Amino acid sequence: MEHSEDLGRIEVTLEIAVRSCVEEDLPALEWMGLFSAHRDIIRQAFEAQQCGDALMLLAVTAGFPVGQVWIDFARRRSEGAAFIWGVRTFHPLRMVQWLSSSSISG
């Protein structure tokens with residue numbers, strides 16, 4: 001495949017809010033059909049959050065969740081530990097590498 005000449009570069013900056021998941025976020029967590037088969041898992045994780053047994057943290061920009069970290073407090077409660085799972089970033093942003101090069105500020 002032939003490549004064209006590089007016509008220039010731009011830098012893109014995203015403002016991302018980190019917050020807990022709300023019920024209205026659930027359809028968007030399927031990421032345009034990529035995780036539609038996991039709809040029940042997403043719902044169960046949210047219900048666990050509602051009971052205080054989990055936390056679903058989202059990185060949101062322009063109203064869309066571009067990153068997720070789910071924390072299960074119940075699975076390893078007897079060990080005094082939490083289980084981190086459901087860690088993912090929206091695929092198009094993996095190239096941007098915003099997660100590895102940014103810092104969270106209050």
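How many aromatic pairs does a search of the whole structure find? The search finds 4. Rings of Phe, Tyr and Trp (its six-membered ring) pair if their centres lie within 6.5 Å; planes under 30 degrees apart are stacked, over 60 edge-to-face, and the rest tilted. The model is predicted, with pLDDT of at least 70 needed for local features and 80 or more for side-chain atom pairs, while totals for chains, interfaces and linings use all residues. Residues are numbered from 1 along each chain as its sequence is written, and side-chain values use heavy atoms, without hydrogens and water.

In the pair of Trp-31 and Phe-90, ring centres are 5.4 Å apart and planes lie at 70°, so the pair is edge-to-face. Trp-31 counts as buried at 3% relative accessibility. Phe-90 is also buried, at 16%. Buried means under 20% relative accessible area, exposed over 50%, and partly exposed in between (1.4 Å probe, protein chains only). Ring pairs join Trp-31, Phe-35, Phe-64 and Phe-90 into a cluster.

The rings of Trp-70 and Trp-85 are edge-to-face, with centres 4.8 Å apart and planes at 85°. Trp-70 is buried, at 1% relative accessible area. Trp-85 is partly exposed, at 27%.

The largest nonpolar core has 15 residues. Such a core is a set of buried Ala, Val, Leu, Ile, Met, Phe, Trp, Tyr and Cys residues joined through side-chain atoms within 4.5 Å. Cys-21, Leu-26, Leu-29, Ile-42 and Met-56 touch the most other members. Leu-29 has contacts (heavy atoms within 4.5 Å) that include Phe-35, Leu-58 and Gln-68, leaving aside residues up to four places away in sequence.
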